[in-house]
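Okay, thanks for making time, everyone.

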Amino acid sequence: MNILAIADLHCYTLNKIENLFRINPNNIDLIVWLGDNDSYVIKKMKKKYKNIPQIGILGNYETYDNLTENNITNIDKTSYSINNLSFVGLSGCCKNNNRNFKYGYTQKDSILTTMGLPKADIFISHTSPMGVNIKKDDDFHCGLIGISDYIKLHNPSLCIHGHQHINKTTLLKNGTLVIGVFGASVIDTETLQSIKIF
């Protein structure tokens, strides 16, 4: 299955984002939103690719659920299945005293939250597991311990995230491949290859 994963479009110009609307729908089986994406783009993608299922979670800069508003399934703290693959999702990132986002967790809260999530083949989140694919060494982009604990417990084949503003893949010791997306990438769930669109 080919997943079009989209994250952090708030950092891109409209000229770059226009590349999304040129993708051949026959090459995509599922669109996954990874947070911090503009409602205008979400609405336009939903209309253009209306026959492709779309799911997602929210980022730290989103102040309301712009996925549900556009009839996209928000899988924050819940599961979704398609083509014999199961997904579970987690919105937001690590919050600290300086940045108290609506969709944010302390490390302790992230552990408690992910303990109750069901087992899935693919974990999608706005931020990464703790210390994985990080670009900046700060307590805002450090990732969440709860995601790391979930991966150790359930061994999903993939963890796909945004937030770190980096396109990078890291294979964890347990075999989970963590894919960081910044912009848009197509991920093949069988080969585990990721192709950056922009």
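So, just past helix H4, Asn 155 takes a positive phi of about 50°. When I say helix or strand, I mean DSSP runs numbered from the N terminus: H or I with at least four residues for helices, E with at least two for strands. And a word on the source: this is a predicted model, where local features need pLDDT of at least 70, side-chain atom pairs count only at pLDDT 80 or more, and totals for chains, interfaces and linings use all residues. Residues are numbered from 1 along each chain as its sequence is written, and side-chain values use heavy atoms, with hydrogens and water left out.

Back to H4 itself, residues 145-154. Its buried residues are Gly 146, Ile 147, Ser 148, Tyr 150, Ile 151 and His 154. Buried here is under 20% relative accessible area, exposed is over 50%, and partly exposed is in between, with a 1.4 Å probe and protein chains only. What covers those H4 residues? The cover includes strand S6 (85-90), helix H3 (107-115), strand S9 (122-125) and strand S10 (158-161).

Let's look at S6, then. In that strand, 6 of its 6 residues are buried. Leu 85, Phe 87 and Gly 89 point one way, while Ser 86, Val 88 and Leu 90 point the other. With strand S5 (79-82), S6 pairs in the antiparallel sense over 4 bridges; pairing needs at least two DSSP bridges between the strands. Tyr 80 has Phe 87 as its bridge partner there. The S5–S6 hairpin has 2 residues between the strands, and Asn 83 takes a positive phi near 50°. S6 also pairs with S9, this time in the parallel sense, again over 4 bridges, and Leu 90 sits opposite Ser 125 of S9.

Next, Asp 8. You'll find Asp 8 in the loop between strand S1 (2-7) and helix H1 (14-17). Is Asp 8 buried or exposed? Buried, with a relative accessible area of 0%. Beyond four places in sequence, the contacts of Asp 8 (heavy atoms within 4.5 Å) include Asp 36, His 126, His 163 and His 165.

Last bit: salt bridges, meaning a Lys or Arg side-chain nitrogen within 4 Å of an Asp or Glu carboxyl oxygen. The structure holds 2. One joins Glu 18 and Lys 44 at 3.8 Å, N to O. Glu 18 is in the loop between H1 and strand S2 (30-33) and Lys 44 is in helix H2 (39-48), so the pair ties together parts 26 residues apart in sequence. Lys 77 and Asp 76 form a salt bridge too, at 2.7 Å, N to O.
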